[in-house]
Each structure stands twice: as structure tokens, then as C-alpha cells.
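Dear colleague,

I am passing on the structure we talked about, together with some notes on its side-chain contacts and its surface. Please have the model open beside this message while you read.

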Amino acid sequence: MEPETPTKAHVVSSLMSVKRNSGKTFGQIASDTGLTNVYVAQLLRRQAQLKADTAPKLRASLPGLTDTHIQQMMEPPLRSYDPSILQDPTVYRLNEAVMHFGESIKEIINEEFGDGIMSAIDFFCSVDKVKGVDGKDRVVLTFDGKYLPHTEHKVEHMVSRLNLQKD
């Protein structure tokens, strides 16, 4: 009888336990590995795939990671989210901010780049803490995504159509 494959929730719980037991912050792990703090969180939440050349750095930063953890993290993840997270005040406010500013952001992207979008695949994200001019703490979110232009859909560019015409 084959052992059961652990659920994503079980793997994430185990990975987050290793992080907690290390006493390190996402920022400290990021500094150790050369990754962004958000990407470290994505790795530990199984929202990103650990690359082979990064694995030794992550293991050095989090010695509690087992061979099984590393193997699990190197598998392509099932990128998903629990819909109830939308009720969390931080996530809710972030969604609210994107919805409120989204139309203006879209207009500026189109004005500066043309008709297109920001990639969420070729994308970097970080969270930083700064002091505002009033001395109060402020959250700085950086979304750094590759620009992807929309393309005109010409039949001559469709490989599947070209292959069908050869028959």
C-alpha cells in the first residue's frame, strides 16, 4: 500500500512550523537567499516552486527543512487560495485598494505602454516598512511585473491554423 500524499494544507503547516521554529522573519530568510520577502512566503505557502539552485540557500537559512520538504517544494505547486481569506481585513483592504485604483492604474499602463497588461507570472512583489513624513509606520507594496502587449489576432500567426492548412 502506497503512503498517502500529504495535502497542501498539511505541507504548508509543516513548512510554516519550520519557519516559526527558526525564529526568522520572511525578510531575514529573503536576505539569506537573495529572494524577495513575498516570494519566500510564496515558497513556504506552496504558491511558488523552489528552484534547484535556490534550495541550498533556503536549507542553509532554514536548517529544519527536511529532504521531504525540499522535494515537496520543488514540485510544481497548485496555485490556489482559500476563498475565506478574502474576509481577512488585510486581504480585503488590499482587494479594495486594487479595485478602487485599478481603473486609473489600467489607464496609466495603457497611456505609458500601450494596450496591454502587467504579467502576474513574470512578476516580483515585496512588502516594505517605512516611516511616513508624520513619523508613523507605512506599508509599501511593490508590484513589479513585465509588460505584456495585447496582440492582433491574425490567422497567419496561428500555428494550429498553419498546420491545418498544410494537410
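Is F113 buried or exposed? F113 is exposed, with a relative accessible area of 53%, where buried means under 20% relative accessible area, exposed means over 50% and partly exposed lies in between, for a 1.4 Å probe and protein chains only.

Before the rest, some notes on how to read the values. This is a predicted model, in which local features need pLDDT of at least 70 and side-chain atom pairs count only at pLDDT 80 or more, while totals for chains, interfaces and linings use all residues. Residues are numbered from 1 along each chain as its sequence is written, and side-chain values use heavy atoms, with hydrogens and water left out.

On confidence, the protein has a mean pLDDT of 92, and 94% of its residues reach 70 or more; pLDDT is the predictor's confidence in each residue, on a scale from 0 to 100. Confidence is lowest in helix α7 (residues 159-166), with a mean of 67, and highest in helix α4 (residues 55-61), at 98. Helices (H or I, at least four residues) and strands (E, at least two) are DSSP runs, numbered from the N terminus. Where pLDDT is low, the predicted coordinates should not be read in detail.

Turning to the rings, the count comes to two aromatic pairs, under the rule that rings of Phe, Tyr and Trp (its six-membered ring) pair if their centres lie within 6.5 Å, with planes under 30 degrees apart counted as stacked, over 60 as edge-to-face and the rest as tilted. F113 and Y147 form a stacked pair, at 4.9 Å centre to centre and with 20° between the planes. This pair links distant parts of the chain, since F113 lies in helix α6 (residues 89-113) and Y147 in strand β2 (residues 137-149), 34 residues apart. Y147 is partly exposed, with a relative accessible area of 22%. The rings of F123 and F143 have their centres 5.3 Å apart and their planes at 65°, so they make an edge-to-face pair. That pair too links distant parts of the chain, with F123 in strand β1 (residues 116-131) and F143 in strand β2, 20 residues apart. F123 is partly exposed at 26% relative accessibility, and F143 is partly exposed at 41%.

F143 also belongs to a nonpolar patch on the surface, which it forms with L94, V98, M118, V127, V139 and L141, and which has about 580 Å² of accessible area together. Patches are made of residues with over 30% relative accessible area and no salt bridge, like charges being joined within 9 Å and nonpolar side chains (Val, Leu, Ile, Met, Phe, Trp, Tyr) within 5 Å; the areas come from the Shrake-Rupley method with a 1.4 Å probe, and for residues only the protein chains shown count as cover. α6, β1 and β2 each supply at least two residues of the patch, and the largest share, three residues, comes from β2. V127, which lies in strand β1, counts as partly exposed at 36% relative accessibility.

As for charged groups, side chains of opposite charge can pair when their charged atoms come close. A search of the whole structure finds six salt bridges, a salt bridge being a side-chain nitrogen of Lys or Arg within 4 Å of a carboxyl oxygen of Asp or Glu. R59 forms one with D67, their closest N and O atoms being 2.7 Å apart; R59 is partly exposed at 30%, whereas D67 is exposed at 57%. E96 and R93 form another, with the closest N and O atoms 3.0 Å apart, and, being three residues apart in helix α6, they are separated by about one helical turn. K154 and E152 also meet in a salt bridge, at 3.7 Å from N to O, with K154 partly exposed at 34% and E152 exposed at 59%. K129, K131 and D137 are linked in a network of salt bridges.

One backbone detail concerns R46, a residue other than glycine whose phi is positive, near 60°. R46 is placed in the loop between α3 (37-44) and α4, and counts as buried at 8% relative accessibility.

With best wishes
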